[in-house]
Amino acid sequence: MMFACCSSGCRCGNKCANRSFQHRPMKKTKLIMKERYGTGLVTEEEIKKGDFVIEYVGEVIDDKTCEERLWRMKRLYQGDKFYLCEVSSNMVIGATNKGNMSRFINHSCEPNTEMQKWTVDGETRVGIFALRDIKKDEELTYDYKFVQFGDDQDCHCGSSNCQKILGTTKLSGSSQNQHVKKKNRKTKCENCLGQILCLWHPQKGK
Ligand SMILES: C[S@@+](CC[C@H](N)C(=O)[O-])C[C@H]1O[C@@H](n2cnc3c(N)ncnc32)[C@H](O)[C@@H]1O
């Protein structure tokens, strides 16, 4: 999904209603701890359907760097999470080292927000937008369209149409130390544009 956001040359000036990112009217949010899936994000104010909630930000990295990090994390991680969003071919937003509260938004099979790709002054940016009216103190969720990189993870979203497992798409590789093969990668990459890639390793003993 791609939307055009007005450029700085727009004649409507500051009154332009098509400038979600430039105005950055980010909603007030706070972190919560969920027993079954760690940190989550709730809204501290009411949100109307279609509202811009928060921008998904992080380091902009290319596919090669993304792959290197995925495999490195797969080898080294001892119980934390890894956050990546494939925005377009050869452009990934990595929110592991740098990011904002958006990286704590959890998955739901019945989400109240969605991720949208916008073009702002010629640059691609990713925002989280409300799919419906959201009440104060509700947890914010979106459908990760998750590309799992490792063992299956149970989904704990609790919705009536829960798919039970996080993600239907799997990134594969023949060994932990190997980079994703070019051929394989191309196919998978096409499947995961705009999706969250998340590498998660349970703590030892879990
Ligand atoms: C992008 S992070 C979201 C924030 C994360 N809960 C944290 O504590 O940092 C994605 C990870 O959160 C967990 N998660 C998110 N949504 C989930 C869900 N519906 N069911 C189970 N785990 C979920 C999974 O471990 C997933 O790998």
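A residue counts as near a molecule or strand if its C-beta atom, placed from the backbone, lies within 6 Å of it. Keep that cut-off in mind for the ligand stop below.

**Before you start**

This is a predicted model, in which local features need pLDDT of at least 70, side-chain atom pairs count only at pLDDT 80 or more, and totals for chains, interfaces and linings use all residues. Residues are numbered from 1 along each chain as its sequence is written.

**Stop 1: the ligand**

Select the ligand and the residues around it. Which residues come nearest? Of the 18 residues in the shell, they are Y37, G38, T39, N106 and H107. Now color by secondary structure: helices (H or I, at least four residues) and strands (E, at least two) are DSSP runs, numbered from the N terminus. Strand 3 (38–43), strand 6, strand 8 (106–107) and strand 14 (196–200) each give two or more residues to the shell. Strand 3 gives the most, with three residues.

**Stop 2: the whole chain**

Zoom out, and you will find three helices and 14 strands in the chain. Of its 206 residues, 29% are buried. A residue is buried if 20 or more other C-beta atoms lie within 10 Å of its own, exposed if 12 or fewer, and partly exposed in between, with C-beta atoms placed from the backbone. Two residues are in contact if their C-beta atoms, placed in that way, lie within 7 Å. Among contacts between residues at least 6 apart in sequence, 71% join residues at least 24 apart.

**Stop 3: the nonpolar core**

Next, select V53, I105 and I128, the residues with the most contacts inside the largest nonpolar core, which has 27 residues. Such a core is a set of buried Ala, Val, Leu, Ile, Met, Phe, Trp, Tyr and Cys residues joined through C-beta atoms within 7 Å. At least two core residues come from each of strand 4 (52–56), helix 2 (63–76), strand 6 (81–88), strand 7 (91–94) and strand 10 (123–130). Strand 4 gives the most, with four residues. Stay on I105: leaving aside neighbours within four places in sequence, I105 is in contact with L41, I128, L140, T141 and Y142.

**Stop 4: I32**

Move to strand 2 (residues 29–34), where I32 lies. Is I32 buried or partly exposed? I32 is partly exposed, because 14 other C-beta atoms lie within 10 Å. Beyond neighbours within four places in sequence, I32 is in contact with G40, V42 and E139.

**Stop 5: two positive phi angles**

Most residues other than glycine have a negative phi. Select N90, in the loop between strand 6 and strand 7; its phi is near 65°. N90 counts as partly exposed because it has 13 C-beta neighbours inside 10 Å. Then go to K164, in the loop between strand 12 (147–148) and strand 13 (169–170). Phi of K164 is near 75°, and K164 counts as exposed, with 10 C-beta neighbours inside 10 Å.

**Last stop: confidence**

Finally, color by pLDDT, the predictor's confidence in each residue, from 0 to 100. The chain averages 77, and 71% of the residues score at least 70. Over residues 172–192 the pLDDT is below 50, and over residues 199–206 the pLDDT is also below 50. The model scores ipTM 0.99 and pTM 0.79.
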